[in-house]
Amino acid sequence: MTTFREQRTATDGTYDATVARLEQENAQLRHAVDSHATVDQAIGVLVATRRLPPAAGFEVLREVSQHTNIKLHAVAEALIAWGLGQPLPEPVDQELDAAVQRRSHRGQTPDRPE
C-alpha cells in the first residue's frame with residue numbers, strides 16, 4: 001500500500017523533515033493495521049478449525065512463529081491461505097499441531113462434542 005509522494009520543500013527550498021517523518025510514521029501505522037488484520041483473520045481460522053478460544057489462538061500463532069523462526073504475520077498469512085485450501089508449509093504444519101496439542105493438555109480448548 002505504498003504510494004509515491006513527491007518530496008515536499010519548505011518555503012526556503014529545503015526538504016521538509018517534519019513532512020518526511022510524518023509520512024514515514026503514516027506508512028508504519030498502515031503496515032501495523034494491515035498486519036493486525038491478518039493476525040486477526042488467522043486467529044479466526046484457528047477458532048473455526050481447531051476450536052480454540054481467540055486468546056489461545058493468538059498464543060498458538062505466537063508459539064508457531066517463535067518455534068519456526070518465521071515472522072508472526074507470515075505465519076498468519078500461511079494459515080489464512082490454508083483456510084482457503086492451500087497446504088501449510090511443513091514446519092508451520094508440524095509446529096501448529098504441537099502448539100494446539102500443548103493447549104489441549106493444559107485444558108485450554110473447549111470440550112469437543114462426542
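Guide: A salt bridge is a side-chain nitrogen of Lys or Arg within 4 Å of a carboxyl oxygen of Asp or Glu. Here E63, E95, R102 and R103 are linked in a network of such bridges. The model is predicted, so local features need pLDDT of at least 70 and side-chain atom pairs count only at pLDDT 80 or more, while totals for chains, interfaces and linings use all residues. Residues are numbered from 1 along each chain as its sequence is written, and side-chain values use heavy atoms, with hydrogens and water left out.

Visitor: How many salt bridges does the structure hold?

Guide: The structure holds six. E63 pairs with R102, with the closest N and O atoms 2.8 Å apart. That pair links distant parts of the chain, E63 in helix α2 and R102 in helix α4, 39 residues apart. E63 also meets R103 in a salt bridge, at 2.7 Å from N to O. Helices are DSSP runs (H or I, at least four residues), numbered from the N terminus.

Visitor: Is E63 buried or exposed?

Guide: Buried means under 20% relative accessible area, exposed over 50%, and partly exposed in between, with a 1.4 Å probe and protein chains only. E63 is buried, at 7%. R103 is buried as well, whereas R102 is partly exposed at 26%.

Visitor: At what angle do α2 and α4 pack?

Guide: Axes are lines fitted to C-alpha atoms, for helices over the stretch in contact, and angles run from 0 to 180 degrees between N-to-C directions. Helix α2 (residues 54–68) and helix α4 (residues 90–105) pack at about 135°, with their axes 9 Å apart. That makes α2 oblique to α4; angles under 35 degrees count as roughly parallel, over 145 as roughly antiparallel, 65 to 115 as roughly perpendicular and the rest as oblique.

Visitor: Which residues in α2 meet α4?

Guide: Contact means heavy atoms within 4.5 Å. A56, E59, V60, E63, V64, H67 and T68 in α2 meet residues of α4, including E95, L96, R102 and R103.

Visitor: Which residues is L46 in contact with, beyond its neighbours within four places in sequence?

Guide: They are R51, L52, G57, V60, L61, L79 and L96. L46 lies in helix α1 (residues 17–50) and is buried, with a relative accessible area of 0%.

Visitor: How far apart are R21 and E25 in helix α1?

Guide: Being four residues apart, R21 and E25 are separated by about one helical turn. Their salt bridge has its closest N and O atoms 3.6 Å apart. R21 is partly exposed at 47% relative accessibility, and E25 is partly exposed at 37%.

Notes:
Helices (H or I, at least four residues) and strands (E, at least two) are DSSP runs, numbered from the N terminus.
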